Amino acid sequence: MNEGELVPGVGPLSDRREWDVATIKIEVPALPDFVAPLRSATRSASALADLAVDDIEELQIAVDEAATLLLPLVDPRGPRMLEARFQIGDGEVQISLAVYAVAGADVDRTGMAWIMLSALDPSVDVRSESDCVTIVITRVRSGRSQ
Amino acid sequence: MSKVTLLVSFTSIRLAATVTVFQVGSSTHSGELVVSVVGELDLASTDEFLAEVNDAVGDEQNLKLDLSGVTFMDSTGLGALIKVRNRLVDRGGALSFVAVSAAVERVLTLTGMAETFGLEPEGQVDA
């Protein structure tokens with residue numbers, strides 16, 4: 001099987017697909033039970049980007065940790081939803097997770113969740129804009145420069 | 001080439017019962033308590049894990065955990081393992097692993113906690 005082939009003889013996904021960049025948006029209730037569907041979506045999006053298995057597994061953990069950091073910030077008077085936006089390219093995925101947060105809320109950068117997230121993605125970005133807090137995670141296929 | 005956008009909303013879909021599969025079982029081997037965990041050890045299941053382990057441990061001092069069936073673990077799962085370990089150590093006991101899955105090993109290694117739990121390379125554990 002050649003490198004990048006999911007099925008022997010079929011060829012790499014990047015040679016067959018008819019798109020350059022795809023965006024998937026998923027909105028789930030901001031509750032722990034709904035983090036698992038985000039992990040599943042992360043696996044699918046990463047596979048579409050032709051990421052390596054190790055990249056996919058680490059990205060799933062990163063998304064889980066980002067959600068863990070965001071859920072405590074959710075404003076109970078707001079929509080109480082967690083939005084995930086997956087931008088899928090060839091060998092690269094960028095995932096933005098966002099919640100409507102209570103005023104002044106910020107991500108806890110002292111706990112184990114942040115330690116794991118920042119270890120998995122040293123360039124992780126946290127954005128606070130008005131009533132919304134967003135965490136942006138990027139993963140480029142192993143062996144490819146960012 | 002084209003750009004593709006897909007918008008999916010899970011707002012009205014009840015997925016929780018179908019996506020989280022989690023089971024804890026306990027048994028005694030040669031006088032030692034062994035608790036086996038199967039499924040995802042995450043934010044949604046950690047409280048249940050701690051409750052089940054506390055029930056199984058009771059007044060025991062030592063516990064062996066079989067985590068070979070854990071398919072996913074995050075920082076909250078790790079936090080739960082640390083809580084269990086510290087509770088046993090406080091009463092003069094110990095927590096050890098029978099086996100761990102690659103998912104568990106990945107998190108323990110990533111956080112530098114592998115040695116604390118007596119984990120050796122490739123999921124092997126100290127005897």
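The buried residues of helix H4 (residues 112-120) of chain A pack against H3, strand S4 (125-129) and strand S5 (132-140) of chain A, and also against helix H3 (75-90) and helix H4 (102-110) of chain B. Here buried means under 20% relative accessible area, with exposed over 50% and partly exposed in between, using a 1.4 Å probe and protein chains only. Helices (H or I, at least four residues) and strands (E, at least two) are DSSP runs, numbered from the N terminus. The residues concerned are A:Ala113, A:Trp114, A:Met116, A:Leu117 and A:Leu120. Seen down the axis of H4(A), they fall within an arc of 165°, so they line one face of the helix; the arc is that of the directions from the helix axis to the C-beta atoms.

This is a predicted model, in which local features need pLDDT of at least 70 and side-chain atom pairs count only at pLDDT 80 or more, while totals for chains, interfaces and linings use all residues. Residues are numbered from 1 along each chain as its sequence is written, chains are lettered from A and ligands numbered from 1 in the order in which they are written, and side-chain values use heavy atoms, with hydrogens and water left out.

The strands of chain A come next. S2 (residues 81-89) and S3 (residues 92-100) of chain A pair in the antiparallel sense over eight bridges; two strands pair if DSSP finds at least two bridges between them. A:Gly89 stands opposite A:Glu92. These strands form a hairpin with two residues between them, and A:Gly91 in the turn has a positive phi of about 80°. S3(A) also pairs with S5(A), antiparallel over nine bridges, and A:Ser96 has A:Val136 in S5(A) as its bridge partner.

A:Thr138 lies in S5 of chain A and, at 14% relative accessibility, counts as buried. Its side chain makes a polar contact of 3.1 Å with that of A:Gln94. A polar contact is a pair of N or O atoms within 3.5 Å; within protein, one must be able to donate a hydrogen and the other to accept it, and residues adjacent in sequence count only if both atoms are side-chain atoms.

Chain B has four helices and five strands, running β-α-β-β-α-β-α-β-α from the N terminus. Of its 127 residues, 40% are buried. B:Leu65 touches, among others, B:Val35, B:Phe49, B:Leu81 and B:Phe97, not counting residues up to four places away in sequence; contact means heavy atoms within 4.5 Å.
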